Amino acid sequence: MTRPLETISSASNPLIKSLKSLERKKGRAETGLFLAEGARLIGQGLANGWKADSLIVAASMADRPHLAELIRQAEASGARVVLAADNRVLHSELAGSYTH
């Protein structure tokens, strides 16, 4: 049985703030994390041994077969998988950000 995915609906969520910090070199250097955007890139990374910390997926797209498989792969690798609610404020915070 699959557990329900966490959903983020606020731009003030600590995960969103953490992801935003990765836009800056200092944030990446402090955490050792980087951002990657797009299903193809994320899928290729996981296939090549990336250990994803977090995967953010738009809630409205999570049921698409290729994204559902990506979610499964990310969870299997130990990543925190979170759905982003369809919220303009949240999407504006994530715009230009990459997910890893």
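Let's start with strand S3, residues 80-84, which is mostly covered: four of its five residues are buried. Buried here means under 20% relative accessible area, while exposed means over 50% and partly exposed is in between, using a 1.4 Å probe and protein chains only. Strands are DSSP runs of type E with at least two residues, helices are H or I runs of at least four, and both are numbered from the N terminus.

A quick word on the model: it is predicted, so local features need pLDDT of at least 70 and side-chain atom pairs count only at pLDDT 80 or more, while totals for chains, interfaces and linings use all residues. Residues are numbered from 1 along each chain as its sequence is written, and side-chain values use heavy atoms, leaving out hydrogens and water.

**The strands**

Which strands does S3 pair with? Strand S1 (residues 6-8) runs parallel to S3 and is joined to it by three bridges. Strand S2 (residues 54-58) also runs parallel to S3, with five bridges between them. For two strands to pair, DSSP must find at least two bridges between them. Here are some residues that face each other across these strands:

| Residue | Partner in S3 |
|---|---|
| Thr 7 | Leu 83 |

To get from S2 to S3, the chain passes through helix H4 (residues 65-76), making a right-handed β-α-β crossover. Right-handed means that, with the strands pointing away from you, the path from the first strand over the helix to the second runs clockwise.

S2 is well tucked in too, as five of its five residues are buried. Ser 54, Ile 56 and Ala 58 point one way from S2, whereas Leu 55 and Val 57 point the other way.

**The cores**

In soluble globular proteins, nonpolar side chains tend to be buried together. A nonpolar core is a set of buried Ala, Val, Leu, Ile, Met, Phe, Trp, Tyr and Cys residues joined through side-chain atoms within 4.5 Å. The largest one in this model has 14 residues, and Leu 55, Val 57 and Ile 71 are among those with the most contacts inside it. Helix H3 (39-47), S2, H4 and S3 each give two or more residues to this core, and H4 supplies the largest share, four residues.

What does Val 57 touch, beyond residues up to four places away in sequence? Its contacts (heavy atoms within 4.5 Å) include Ala 62, Leu 67, Ile 71 and Val 82. Apart from this core lies another, of nine residues, among them Ile 8, Leu 22, Ile 56 and Val 82.

**An aromatic pair**

The structure holds one aromatic pair. Phe 34 and Trp 50 sit edge-to-face, at 5.3 Å centre to centre with 85° between the planes. Rings of Phe, Tyr and Trp (its six-membered ring) pair if their centres lie within 6.5 Å; planes under 30 degrees apart are stacked, over 60 edge-to-face, and the rest tilted. Phe 34 lies in the loop between helix H2 (25-31) and H3, and Trp 50 in the loop between H3 and S2, so the pair ties together parts that are 16 residues apart in sequence. Phe 34 counts as partly exposed because its relative accessibility is 36%. Trp 50 is partly exposed as well, with a relative accessible area of 27%.
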